[in-house]
Amino acid sequence: MKVGLDVGSTTIKCVVMDDAENLVYSTYERHYSHILEKSEELLRRAAERYVPGGRAFLAISGSAGMGMAESVGVPFVQEVFATRVAAGRLAPGTDCIIELGGEDAKILFLTGGMEVRMNGSCAGGTGAFIDQMATLLKMSADEMDAAAQKAEKTYTIASRCGVFAKSDVQPLINQGARAEDISASIYQAVVNQTIAGLAQGRPIKGNVLYLGGPLTFSRCLRESFDHTLGVQGTCPENSLLYVALGAAYYSDQTFDLIQVADDLQKHGAAETYRSQPPLFSSEEEYEAFRARHAKAAVPRVPFGADYAAPVHIGIDSGSTTVKVVVIDQEARILFTDYRPNLGNPVPLIRQVLQQLYDEHLALHVASVTTTGYGEDLAKNAFHADYGVVETVAHFTAARHFLPNVDFIIDIGGQDMKCFKIEDGAISNIFLNEACSSGCGSFLQTFAQALGYDVKEFAKLGLFADRPVDLGSRCTVFMNSSVKQAQKDGATIENISAGLSISVVKNAIYKVIRASSPEELGRNIVVQGGTFYNEAVLRAFEKEMGVEVIRPDIAGLMGAFGAALYGRGKAVPGQTSALLDREGLAGFRQETESRICGLCGNNCQLTVNTFADGATFISGNRCDRPVTGKADTGERNLYAYKRKLILGYKPVPGKRGKLGLPLCLNFWELLPFWHTFFTKLGFAVYHSPLSSRDLYLKGQGTIPSDTACFPAKLAHGHIHFLSKLGLDTIFYPCMTYNIDEGLGDNHYNCPVVAYYPEVIAGNCPEIKETRFIYDYVGLHRPKDFTKKIFTILRQYFPDITKGEVKEASDAAYAEYAHHMSLVRKEGERIIDQARAEGRRIIVLAGRPYHVDPEVNHGIDTLITRAGAAVVTEDSISNRVEKFPTTVLNQWTYHSRLYAAARYCCSQPDMDLVQLVSFGCGVDAITSDETREILQAGGKLYTQLKIDEITNLGAVRIRLRSLFAALDEQDEKRNEPRKEA
Amino acid sequence: MELEFQNYPKFTPEMKKTHKILIPNMAPVQFRILAAVMEQAGYTCELLENCGSQVCELGLKYVHNDTCYPALLVIGQFLDALNSGKYDLDHTALIITQTGGGCRASNYIHLLRKALVKAGYPQVPVVSLNFSGLEKDSGFPMTVTLMRKLLACIYYGDLLVACKAQTEPYETHKGDAAALQEKWLDTICGWVLQDKGWSGREIKAAMPRIARDFAAIPVRRVPKVKVGVVGEIYVKYSPLGNNDLEKFLASQDCEVNLPGLMGFVQYCAYNPSETARLYGGTFLEKHVSGLILKYIEGMESVMIQVLKDNGFHAPLPFRELVKLTDGFISTGDKMGEGWLLTAEMIELVRAGYENIVCAQPFGCLPNHICGKGMINKIREIYPQANITPIDYDPSATRVNQENRIKLMIAVARERLAEKAAGAAAPVSADAQPAAEPREPAAV
């Protein structure tokens, strides 16, 4: 007899075969992380019922089976390998296997050079991801599959990591997109993820086999793969069991199964995981803790049917919940409501308002204020009086509890917000960027995965004796840490406590990056639904070593703050513009999704139409679909730079066509190279502004999925150029950049410097043309001229020294001219903004952040808010070199420091730093820039960007920044009261 | 704030007498001898051995979390040591290497100083060990003699590592190779402390004795999976950085080849002249590398000869290694491990260590190019290359990393079995990938 056990990340599979290798028993079950117990149980079951004598050949496989197998001395078979063994026996003639598991994605190429690919440590587009998305849509996996089959269209969802995809999906839900379409989009995202992340340029063709849970259960997912790959794949019989079967085939040692089961039990009892001190050492400690927190309560007053005094309503339409608070003139609470938003907040808010009207016949609404993700939608739908950015709403509420509050941390469903308060204004904001590690929704998803309700799950951890020490990083990684701990025998109580502690560690060390409680402040208010979880609250206090205030309405602070905000704004006797009884009764909302089509961006618009004919449009990057007018870009240096770059057109020449990819440093050096080669008689073409489509066309050849997005775009540009029928593509390697005298050295970052090597090594397109990617340095003009001459002569023997000299002089002149134009326009924009009394934002990044596909329209987002946008390189020449605390050795980053320094001397100028996800250099520059700005009394704002296109979080940050700046200005203008 | 940071404590010559210098442990064997060299030069120093979860946690706490993993670990290890109470904080200094290249690593020293201030140790000076003239006021005073000693020690270390790695998996009596390495380490450190053993003559005499000793260990040479390890220098060597990679590979019954530390030193020496050749420079700049390399070559050839004479696999001489990059990557790629990493992978594949772990910190910028970026190209020319890139960072779990490595090993074992079966039975085409050139990827 042969037994194969496959312990996956979410399920466990067991097969028993007789000596003729006929399958006599098989099972596929979720293990809810009870890995040891389940394995033990299955082995006992197999031994008792199917294996006479209890002795059989045995091997263990699966991502969660490794350590376990070793601990009991059973051979472990790597799961991809096991799959191959099984496929060799059961499905000969297979060319390629695609297997998706709970947390793994794998592609096996069997013919034409065997290769196996597994997802990298930064990939989440797998079964767990689909489950997470289904939870978000309030569907089961089956329901989601059924829904997807009724889809009419798909949306673009970031396909790199589950966390990003989630932040794309949530706004779609909030904007009221159809669940059917979202479902199909999620499957498509998984397909894109698998192909881009794993195939890496190698074509998938021939007989394709689909294995693993998600592909077995979802027809729609299989169809998406078929469609995208242009193949007709098959999902074979026993598609869930291939790994277990492979393990059984492979097994070559016999074991007494009962003995192995006993050993597993013993191993489980050993508790070998890493632990930390318990949250509470005694029942008394816990009681004291509860009593202390019970004091932070808002007074409540009865809200009778005949209540007629003016009330203020605050509506917080958050990412996963809708909260409504009604207060009286004295800020006492009359009414609260808290419910999950089930995808569309509008009908829920309507229900609550209806209830208020119905139950309180004399209701006098003085003001209605909305906040949160759905702020604009709710404000427009119900004619609320004010909208307030959520950070300000939370600050307003926190100040109510603790007037001298100096730090607020809010952990909500999928976002985390922290702000430092200095001199009564928000001085620093930390938002979790594209990463939602350790937020409430994570705890919830985890609780559900383990089969618990989230409240019950959190309680379990309170008195855990040895909480598991989990990492403090990404949600996706946390899963495997938990599994590991479970294998090592951690109890559910200790895991629960460990997860709560992780949430806190993420907040403190990842988002805020504080090193001591003093740094954060001593007067801390914690809020957000997640802090109802006493384990999280306790972990926070313990980690920070400080007692904090958690209001009894911790989860309602946004709505409460909004109501307080309205109360502050409303004039006495005011009546709100809120829809009246009839208006609300006849309220209707229709949602339609369409492509804008007014410009090349082709934004996917979601148009909400209400009963009174008013419409609310979201998903737009500019105001054109709303106002009908195009943005002139007159306050936007980014737009000007784009115009300059796009102004370089090919001129027919004697030496044929040459292409330049408009990526990375070409965003600055295009004027140089274009002029250089045009002078030499080439017709110089360059690739266009990046687009989603351009990216997707090149994504198949990206070898490193953790490189920054601007670098990955290079592949698309090369692909584009390869279709133009060019003779040559020129993309030089450049260790050094131009020396502008601002730093200690003048390097390019490693990626900018050497990306052409990656192109040469991975893009098949360049084989069809001549690809010149030699090493040159523009920082030494004389040497450059000599060097480029020797390079070019190899390819164009007729080129003369004189020609090159002339071309190079012209190129340097053109580059200088280009930079001077940028600076001049920057000056003009600054002058105009000052004349018009506008704020000036230095949107500081690298030259390639000007690409709209890279910055996602953040520049126009700022100008739409009324401010002017200039670039770092337009002002970096206004300061002298100054000492920095880090080694100032990259040209682009020296400009950043210089721009930050210059901002400090300009009262109306503030810096916002764009940081590309995965930019290792910015781990250093962002801290330094922050220090320079803070030393100069300025706020520091950082926006992390990736291929992700959701601007919701960016908008919140920018609006918070503007709100904080306004408040600072007001303070400054107020005459000082104290002597 | 800014001024405060500018006023970091300098490591003054007087401190040589008063301060104990803590050394982070990167390559355990080589660094042990290096520590002896420093001791002999009159410094009091200690090679840090502390590890454990708190090291990484302290790093996370005091360094930007997106900074590379080696920085987190090195700084965490220092802080953990300072926290331990074992050291007199007013008489302790730290030493850290600085390459001065375009990689983030040149900034470690600044991150360390920032972290020291944040963690409450502003008085602790940091010494920069570099050859680029950075940190003039806190640099480690480098003399020609000292440099020669350091080079000799690196070669001793590389030799010990190579001999042990090629003996241990096959020894008939477990522990022989490790014990012998330990014995020689003690001997060499003993020499060094007496200012002996580092001259050309002494090296020429000592190295054959070492290799002979290892060759005399009784072994049974059965075919084993041969794995090469390349990568970012810290995670490549440091057990703390790579979750005890060598030990893990050994437990999987593999022979492990960690290309020597000297390669990196030679690479650093090679680059200045290459830079001058590429972008222009003075005559001296163009030729200084050649002079240094020539000098190192003297010792290199001894080691290579000694390994060969005793039946061990010897690495290619550096000047041959440089040539391997032809057609793969330019030697102009000089940030991080740059072209050297690519060259090492090619060398390993050609020498039969075709199974390679390419280790890097998560998000390592240079390795996007010279590591992950070159794998496809290498496979195109050497289809037998079985390379798996592994990312290391505070949250990547060991299970996940080991699982990937196991996959690589599983494929390697299968090939080994096929090779053993050899001509005996015809194997199907798809099961013998080495024989078939990889199909070129289509657009």
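Student: What makes the largest nonpolar core a core, and how many residues has it?
Tutor: It has 439 residues. A nonpolar core is a set of buried Ala, Val, Leu, Ile, Met, Phe, Trp, Tyr and Cys residues joined through C-beta atoms within 7 Å. Those with the most contacts inside this core are Val3(A), Leu257(A), Ile75(B) and Leu112(B). Helix H7 (residues 144-167) of chain B gives the most to this core, 13 residues. Helices are DSSP runs of H or I with at least four residues, strands are runs of E with at least two, and both are numbered from the N terminus.

Student: What are the ground rules for the model and its numbering?
Tutor: This is a predicted model, where local features need pLDDT of at least 70, side-chain atom pairs count only at pLDDT 80 or more, and totals for chains, interfaces and linings use all residues. Residues are numbered from 1 along each chain as its sequence is written, while chains are lettered from A and ligands numbered from 1 in the order in which they are written.

Student: Which residues does Leu257(A) contact, leaving aside neighbours within four places in sequence?
Tutor: Val3(A), Leu43(A), Ala46(A), Ala47(A), Val51(A), Gly54(A), Ala56(A) and Leu58(A). Contact requires C-beta atoms, placed from the backbone, within 7 Å.

Student: Why is Val29(B) called buried?
Tutor: Buried takes 20 or more other C-beta atoms within 10 Å of the residue's own; exposed is 12 or fewer, partly exposed in between, with C-beta atoms placed from the backbone. Val29(B) has 23 C-beta neighbours inside 10 Å, so it counts as buried. Val29(B) lies in helix H3 (residues 28-40) of chain B. Not counting residues up to four places away, Val29(B) touches Gly157(B), Leu160(B), Val161(B) and Leu185(B). Val29(B) and Tyr237(B) are 208 residues apart in sequence, yet 9.8 Å apart in space, C-alpha to C-alpha.

Student: How do you know that H35(A) is mostly covered?
Tutor: Twelve of its 16 residues are buried. Among them are Val921(A), Ile924(A) and Leu933(A). The buried residues of H35(A) pack against helix H34 (891-904) and strand S29 (909-916) of chain A, together with helix H16 (365-370) of chain B.

Student: What makes S20(A) and S21(A) a pair?
Tutor: Pairing needs at least two DSSP bridges between two strands. Strand S20 (residues 589-595) and strand S21 (residues 604-610) of chain A have seven, in the antiparallel sense. In the hairpin of S21(A) and S22(A), Gly613(A) has a positive phi near 85°.

Student: Where do the domains of chain B lie?
Tutor: Domain 1 is 50-140, and domain 2 is 223-260 + 315-435. Such bounds come from an automatic or database domain assignment. The C-alpha centres of domain 1 of chain B and domain 2 of chain B lie 30 Å apart. Their contact takes 14 residues from domain 1 of chain B and 16 residues from domain 2 of chain B.

Methods. Two residues are in contact if their C-beta atoms, placed from the backbone, lie within 7 Å.
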